[in-house]
Every structure is written in structure tokens, then in C-alpha cells.
Amino acid sequence: MSNNTNGMTATEYIIAQHANRDRVRPGEIVNVSVDLCMSNDATTLLTDKIMKEQMKTHKVWDPSKVIIIVDHQVPADSVDTSRVQQQMAQFVDDQGIENFHTADGVCHQVMLEKYIYPGALILGADSHTCSYGSIGAVSSGIGSTDLAAIWASGETWLKVPETVRFILSGRLQPDVTAKDVALHIINLVRANGLTYKAMELAGSGIKSLTVPQRFTICNMAVEAGAKSTMVIPDQAVIDFFEKLERPVNNPSLFKNLEDTQNSSCHSEIQVDLNSLTPQIACPHYVDNVRPLSEIQGLKIDQAFLGSCTNGRIEDLREGAQLLKDKKVARNLRFLVTPASVSVYKQALEEKLIPIFLDAGAIVNHPGCSTCWGAHQGILASGQKMVTTGNRNFKGRAGSPESEIYLASPAVVVASAIKGELSHPREVR
Amino acid sequence: MAVAWKFGDNIDTDQIIPSQYLVLPTIKDMAAHTMETQNPAFSKAFKDGDIVVGEVNFGCGSSREQAPLVLKELGVRVIIALDFARIFFRNCINNGILPIEHPCAKEISDKDELLVDFAKGEIVNQTHNKTWQFNKIEGYLADILNAGGLAAYIANKKG
């Protein structure tokens, strides 16, 4: 064990660095400095109001560390949403915040492409902020009052989480994806199984997964209650950022994080990737997970490919490859929403978008779209949707009498073609 | 006398305040839709000081602080559940709502009459004549709670 990391897990090590401490232990409450903080159109205005009216603070501590992203309702679809976005624009102008994105994509994808980096401590007023452990950052979702306090001071308190280490072995089989790993883990530990915990993904299996695949699993960790996630960054992360032209070469950090891999933790859970099959989370709970084979054939009315979970170029490629020269089922609405403008442009370059359009899909501008439910592709009573999104709560995408099924991009596209929940091999 | 409003497992923040109402101008406007997918009568019939009771994983899902705020607007000061999702738990404390994690949540039914004694750390179910003790929140979190929330705590410290 290296002296530098004092037997801490990677999560504890990064928190200790931000608390100016040599060592922190799970359960301790520590004050930390925050490297970056993010909010979106669902949470920014409330935070602004709390900071000014209740905390009597009128300027954010460092505008260069504050990121504001409009993604939940792009473009604005009502007078109220337009007013919200108008007030957000006024706020960023008043504060001198340069990092303002009004049409660039889902906040977590924009954060991945432009801002986050290994070793950072990042908090965001959106629950899926836990995704950034996929590249070796400690990140977590918070409410508006906590964010207002960070805007005012650049600091916050954190309880150091215990780490639950998932040891992945083997490799994913054809038609089995990172989404299926996420649903399998949530089913295993249940919707509150990781509450207050850090989920660390480790073992030889994680090395076989790409950074976008790791992001998908870390993104869903909050659906098991996790506070944060961690994948110890490796060459795949270095290469990923090289491609983004945002190099993250920090050999001593990478070495220290690697040294933490045998540290003791709360518990270890084995996941055998070889044995996984396509999974579906059934209404109305993300941990209501069943093998696809048990409900194959269920008639659906809408399919959605997109979101911060599964709206990246790899997901669109997988979908387009299945859909090429085919049509979506009669009377089925299929929505495709790239997670960011950069994903959208790449899909255009690879000529994937015409495949979706020719098949009869609706292609939306990047944003949260159908996944968050108040915007685009609203479901009527009795309608069923299969989606690559992350939540299937009652009424999440429209009527409380509608149903949402969560699945991988391949299963969603296969189901869109057949008009019923389908295995990808049925449409090949 | 407080009345229990009993809900089940995994009450997520989309149930507490559905997404489509988050753009309404004020928390008061949003509060009229509190819990409407679970119980359409809730926002009208809930009386100031009544107690919300859930079971497993109360407040899971989105980080939206509008969820505890609409509850607070209707007069919720205590929520009892078997356990809470962490962002919601923190948002409650930050807004001066006491989240009590307690196995008694299973033994409370809708419309039971409850008494919560903060000083004694006691929950009394008067309908079923049962009393339970709960661990009071202490230290920094208690200071925030006593100030009425984090914002008030920070404003007080600034003087």
C-alpha cells in the first residue's frame, strides 16, 4: 500500500484532497472545496432565489467554476418554460458566468465533453451528477439550498461515504450492454441498496468496458440510492480525453488512484458479465427488473432512444445498425434524441440520422427530451413506452395510467421495429 | 392532534411534485399538485402539522428541492419512513423538515392519529396506543434544523 493514499479508497482519497486532510474515514463529516458545480433549468432559478433572498449573498464565489445548462425543456415549450430560461439568461449575465449552455445537450453529457476531469470534486443540482465517477471524479447530486451555499462560498460539507466495490469479471455477450449491467446491479441491491454509499466498479470486467459504457452504469447508480461512483481511471480514460482534445495527463494522480485498488471497503459484490442477458425494468420502479425473455411480445406505443444514460454516439450507432433499411411499426411513435450537439454532428457525419428518419423516427434537438417527461413524446392513459432513459416512475412521461419500460438501445430499437418488446436478434 | 398520511414504498420526487409543474411561478402554485398521482385529495385535505409517513426509500429520484418545499408549504414538519433517499434527506434538513427513519412506519396506517414529541424524541400512535422512541438528530445537522434550515443558519451566522 502506498503511503500517499493511507489505505483509503479512491473516493476517500479524492475527498481527503479536497478537505486538506491526509486521511478521511467513512462516516466522518468533512468540509470540502468544490472544483465545479452545475445546475440546469429545473434547479437554477430556485438556487438563485435561495442564495439572494435567504442567504443574503448576491454574487457567486467564482463564476468560472459555475456551469449552467438548459437541457430539460429545449426548446421552451410554454410561456412558463420560456420565462424560466429568460430569467436564467439574465442571472448568468448578472453574475458574469461564461459557462452557459442553452442548446448543447443534456447537462451530464455536456459536462463529460467539456468540463469534468479525473480527481475532481463536482456537485450538481441534478441527481444523475453521480455519473462522473466513470472517469475518476467524485461527484454527487444535491438540492438547491446546498448548491446556493456552494455558490456563496465554494465549499460544502460531505459525509464520507462507505465504498461498495463491484467486482466485474468476464465480458458482455452479443446484444448485452452496459444498461443491462446497470439494471442487473440495481435488481441485485434494490432501489435503496446503495443509499449513502459510493459504488466502485472494479475487476477485469470493467477494463473491457469503454468510457461511455462505464458512464451508463455510473449514471444509473442513483437509482440504487448511491451518493457517488468510482472507476479507477486507466489508459481508456486518458485516450478518451485525448480524443476530446482535453488531455488529462496527471501521472501522480493516476498512480495514487491505482494504489487504492486493494484498499478495504464496506463490502464486495461479484458481477459475472458473461452470464448477463438483456434486462427490462418494468413499471413503476427501477428495481422491478425482469429478464427480457419473460415479457417479450408486450405491445408498445412509443420508443425512445436518448438521455444522459444512453444518448451517446455508440448508442445511436447500435440503434442505426439494427434499423437500417427497416421501418418502425405502424402507429408507433419512435423518438431519437442525441445527448449533445457534438453527438448529433457525429451522427450526421456517419449518416446515421437519415437511417432514423427513413425508418419513420422523430429526431429531436439534444436535451433531456422524453426521459424527464414534461417535454416531447408525452404518453396518454394506457400507453406503453420502452425507453433507454433512467426512470420509469408512475406518470414520469405523461399520464399516471401510462407505463414505462427501461431497456438498452438495442432492445428499444428492436422493439420499435416490431411494435412489441423484442430481442435484437428478432430483427437481424 | 396530527393525522398520518400514509404512503407506500419508493415514493419518488416525481410523485411528490410531478415534473410538469416545476415551471409554475411559485412554490404555492406547485403545492396544489403535491402527491396528486398518489392521492388527488392530498393538497386540499392535508392540514398544517399533519404527518407524512412512507415506507422504503422515501424521496428517491430527482434532486428537485421543490419536493420538500411543496410539502413544507402545505405544513409538513415531520416525515416518518423506514428509510430515506439521501438527496431528499439532506434537502429536508436544509429546509427545516425533520426526517425520522424508524421501523414504526410499518405500523402506522393512513389517518391514524399521531403525536410527535421533539423534546422527548417520542412518536405516539394514539389510534393504536403505541409509543416509540426515535434518535434525535444532533450536532451540526440539529443546528441547521433548529435554525429552520441551512439558508437561515448561514444568514444567522453572517449576522
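Okay, let's start with one term: the radius of gyration here is taken over C-alpha atoms, and the rule for a globule is 2.2 Å times the number of residues to the power 0.38. Keep that in your head for a moment. And before I go on, what you see up there is a predicted model.

So, chain A. It has 428 residues, and for that length a compact globule would have a radius of gyration near 22 Å; chain A comes out at 21 Å, so the two agree.

In chain A, 4 strands make an open sheet, and the order across it is 10-9-8-11, with parallel pairing. Which strands sit at the edges? Strand 10 (228–230) and strand 11 (267–272) of chain A, since each of these pairs on one side only. Ignoring direction, neighbouring strands of this sheet are turned by 20 degrees against each other on average.

Now zoom in on one pair. Strand 8 of chain A, residues 163–169, runs parallel to strand 11 of chain A, and 6 bridges join them.

Next up, two helices. Helix 6 (residues 178–189) and helix 8 (residues 211–219) of chain A pack with their axes 8 Å apart, at an angle of about 25 degrees. Angles under 35 degrees count as roughly parallel, so that's what we call helix 6 and helix 8 of chain A. The crossing of helix 6 of chain A past helix 8 of chain A is right-handed. Who does the touching? From helix 6 of chain A we have Ala178(A), Lys179(A), Val181(A) and Ala182(A), and from helix 8 of chain A come Gln213(A), Thr216(A) and Ile217(A). Sort the residues of that contact by class and you get 4 nonpolar, 2 polar and 1 charged.

Last stop: where chain A meets chain B. How many residues does each chain put into the contact? It's 39 from chain A and 36 from chain B. On the chain A side, the elements giving two or more residues are helix 2 (44–54), helix 3 (79–95) and helix 5 (144–153). Helix 5 of chain A gives the most, with 5 residues. By class, chain A's side of this contact splits into 17 nonpolar, 14 polar and 8 charged residues.

That's my tour, thanks!

Key
Residues are numbered from 1 along each chain as its sequence is written. Chains are lettered from A and ligands numbered from 1 in the order in which they are written. This is a predicted model: local features need pLDDT of at least 70, side-chain atom pairs count only at pLDDT 80 or more; totals for chains, interfaces and linings use all residues. Axes are lines fitted to C-alpha atoms, for helices over the stretch in contact, and angles run from 0 to 180 degrees between N-to-C directions. Angles under 35 degrees count as roughly parallel, over 145 as roughly antiparallel, 65 to 115 as roughly perpendicular and the rest as oblique. A crossing is left-handed if the near helix is turned anticlockwise from the far one by less than a right angle, and right-handed if clockwise. Two residues are in contact if their C-beta atoms, placed from the backbone, lie within 7 Å. Ala, Val, Leu, Ile, Met, Phe, Trp, Tyr, Cys and Pro count as nonpolar, Asp, Glu, Lys and Arg as charged, and the others, Gly among them, as polar. Two strands pair if DSSP finds at least two bridges between them.
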